[in-house]
Amino acid sequence: MPGTSLPPPRRHGRLVARLIVLAGFFFAFGFALVPLYDSFCEAVGFNGKTLKDALAANNAPPSAINYSRKLSVQFTATLMPGLPWEIRPLEPAIELHPGELRTTRFLVRNLSDQTIVGQAVPSVSPTVAARHFRKLDCFCFTQQTLAPGESREMALTFIVDGDIGEEISELTLAYAFFLAPKDPA
Amino acid sequence: MNTATHTLDGPGGHTHQPGGLLRWLTTTNHKDIGTMYLSFSLLMFFVGGAMILAVRAELFQPGLQLMRPEFFNQLIGVHALVMIFAALMPAATGFANWMIPLMIGAPDMALPRLNNWGFWLLPPAAILLTLPFVLALFGIGDGAVATGWTLYAPLSVQGGIGVDFAIFAIHILGISSIMGSINIIATLLNMRAPGMTLMRMPLFCWGWLVTAVLLIITLPVLAGGVTMLLTDRHFGTHFFDAAGGGDPILFQHLFWFFGHPEVYILLLPVWGLMPHVLSTFSRKPIYGHTGQVWSFVAIGVLGLVVWGHHFMTAGLPVPALLYFMYSTMSISLPLAVLFFCWIATMWRGAMSFETPMLFAVGFIVLFGIAGLTGLVLADVAADAQYHHSYFVVAHFHYALFAGGIMGVMTGVYYWLPKWTGHMYSEKLGKLHFWLTVISFNLTFMPQFFLGLAGMPRRIPDYALQFAEFNAISTVGSFVLGLSQLLFAYNIWRCIKGGEKASNGVWEGTRGLEWELSSPPPHHSWETQPVIKD
């Protein structure tokens, strides 16, 4: 039969290799999103993550305090499942001027008969306020180890930036206390 | 499986193939593999359907009657995974395997062995997904994945062995889909008949081209996400553990970066086949071929950047919410182009309503409801109320059952005579359509009202005021489930025999696939056709 010639075989190798590389690229992209996501959140202050920008705050001149405004800062703390502790802020809320250096304390107590390591994870709402919330020192910077029945007052020293938006008059700092992972990250 | 003999008997057919089961294990023929994909899909459609009927039976009345809440949670999650990955996606791949070589004038797919491998990865994955149910009967583990199909951390980090089974099933299904996509792209780009430029390529092929690219971009990200989940569970990493410096919201980003394009992955092949059906039964050419191609591309691109609307209540900041709202709503523009093209194709046509056309018109109406309710959910202010309610459940079933599965049924009825060489029973087909469309609305329309009234999804028990709508929905779902047996029977009958189908099958068909015999010869296009203007 004259017409039974199959079309000449095409080579697909290059196209297939390119497509496999594309799939591999996006597999890697999934993992690259982990650091990208963190730096994105830090850059724009999304996600309620606060800054650990002690140096900038220290260098801020005292005149940066804005005495014409008052802010209310509330503190809350919750325990995540698996952590047999008790925690509460010693001051549920404080009033301050933007730019003012303040310290507040949280009381924490180990209710169990074992030594337990905990880790506090902070979050600020409204989230846009997070990047104006500068912590100079915080118990959340390290893990906390409590002996059986031990109680402890933990300090947090912070500044709310003087240039925080006019629309914000109230903000909340919430701590979630976790049982620290077995092998420190 | 008697189709085998028909395809083999075609002119120029090979006879040196093994017979029986070995033939199906080793086949590299695009039509055999397409048949296997479609058969597997139909089987899993009933498996996933049986699961959700058990769920609907539990929800018939308030209170817990039939099962423990843990088992209920397993059923809803595995139902979704089975329907999406093992029923809807393989059905679309089966269509691609069967039709793409016929439509573009190729003898077979570009990479036939890869094609075979892609299919045979599916059954092990389906077994992995459902095996934990069986293992639990023997006291091993606590059943299948119970997190819902979204596998949100930290719940999935804490879950039982079912989560590990689901993770590996997703890995395997992902590899299978990526292989299928590579094959389809290679076929479409390299094996078109001379004269068939990309813009002249049939719309079904275009829908699949965009789908395949989306799969290759997004599935690896999901694979990465569930791999992180696996290492969080077993190897001491803290990707999603806040105490270790991770972030559970990150999982939602990774999941929905895949999950939203997945909706278009499921729907683009259907949008591609719709114009062919509408044009055939309106006896008019497809309206707006180029416009539809660019709409597919636009939806594919936009679909990649709107994933955040799935978790607007997770605490996203206002600028991000606004971005995801506006970008999501903008997808309705290219989608509206598709709707207008479908309607314009039918406009003033000599329409007749055979079963595929009934399904196509039903699809347009019901899928329109899915699109409009989707606009409601995209609204940040409204979403705050409707998120995680039955309104969402109803919305995505209008999208994925009426849009996806009824779309697949459209294709099955449209192409079945081409595949088997026989006409199916038109009477049974029409009965199946009317039962499906009525019971579908009976099942899911009440769920919109339940959602508006505040009933949350994924709960085995509910407050008394939701009782009536739930009872109606359950009755509807059982009619819907049982009427699918008609579908299976009609297909079976058509495979066994029936009135001979002509090459063109329908009166108004256009395109290369209708020039071949029904069923087509073993090597579809032995002589490459040339497209002249």
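Predicted model: local features only at pLDDT ≥ 70, side-chain atom pairs only at ≥ 80, totals over all residues.

Residues are numbered from 1 along each chain as its sequence is written, while chains are lettered from A and ligands numbered from 1 in the order in which they are written.

**Exercise 1. Describe the build of chain B: how many helices and strands are there in chain B?**

Step 1. Let us start with the elements. Helices (H or I, at least four residues) and strands (E, at least two) are DSSP runs, numbered from the N terminus. Chain B has 18 helices and zero strands.

Step 2. Next comes the overall extent. Along the principal axes, the C-alpha atoms of chain B fill a box of roughly 65 × 50 × 45 Å. The radius of gyration is taken over C-alpha atoms, and the globule rule is 2.2 Å times the number of residues to the power 0.38. For chain B the radius is 23 Å, close to the 24 Å that the rule gives for 533 residues, so chain B is as compact as a globular protein of that length.

Step 3. Now look inside. A residue is buried if 20 or more other C-beta atoms lie within 10 Å of its own, exposed if 12 or fewer, and partly exposed in between, with C-beta atoms placed from the backbone. In chain B, buried residues make up 54% of the 533 residues.

Step 4. Finally, consider contacts: two residues are in contact if their C-beta atoms, placed from the backbone, lie within 7 Å. Of the contacts in chain B between residues at least 6 apart in sequence, 82% join residues at least 24 apart.

**Exercise 2. Find the largest nonpolar core: which residues have the most contacts inside it?**

Step 1. A nonpolar core is a set of buried Ala, Val, Leu, Ile, Met, Phe, Trp, Tyr and Cys residues joined through C-beta atoms within 7 Å.

Step 2. The largest such core has 173 residues, and Leu88(B), Ala166(B) and Cys205(B) have the most contacts inside it. Helix 4 (residues 69-104) of chain B gives the largest share of this core, 23 residues.

Step 3. Zoom in on one residue. Not counting residues up to four places away in sequence, Cys205(B) touches Ile100(B), Met103(B), Ile104(B) and Leu188(B).

**Exercise 3. Trace the four-stranded sheet of chain A: in what order do the strands lie?**

Step 1. Two strands pair if DSSP finds at least two bridges between them. The four strands form an open sheet in the order 2-4-8-6, with antiparallel pairing.

Step 2. At the edges stand strand 2 (85-89) and strand 6 (133-138) of chain A, each with a single partner strand, so one side of each is left without a neighbour in the sheet.

Step 3. Follow the pairs. Strand 2 and strand 4 of chain A pair over five bridges, and Trp85(A) has Asn110(A) as its bridge partner in strand 4. Nine bridges join strand 4 (residues 101-110) to strand 8 (residues 151-160) of chain A. There, Arg105(A) is partnered by Ala155(A), and Phe106(A) by Met154(A).

**Exercise 4. Trace the five-stranded sheet of chain A: which are the edge strands?**

Step 1. This open sheet has the order 3-1-9-5-7, and the pairing is mixed. Strand 3 (93-96) and strand 7 (144-146) of chain A are the edge strands, each pairing on one side only.

Step 2. Strand 1 (residues 71-79) and strand 9 of chain A pair in the parallel sense over eight bridges, with Ala77(A) opposite Tyr175(A).

Step 3. Strand 5 (residues 116-125) and strand 9 (residues 170-179) of chain A run antiparallel and are joined by eight bridges. Here Val124(A) stands opposite Leu173(A).

**Exercise 5. Examine where the chains meet: how many residues of chain A are in contact with chain B?**

Step 1. Count both sides: 32 residues of chain A are in contact with 35 residues of chain B. Helix 1 of chain A gives the largest share of the chain A side, 14 residues.

Step 2. Now take His253(B), placed in helix 10 (residues 248-282) of chain B. His253(B) is buried, with 20 other C-beta atoms within 10 Å. Leaving aside neighbours within four places in sequence, His253(B) is in contact with Leu33(A) and Tyr37(A).
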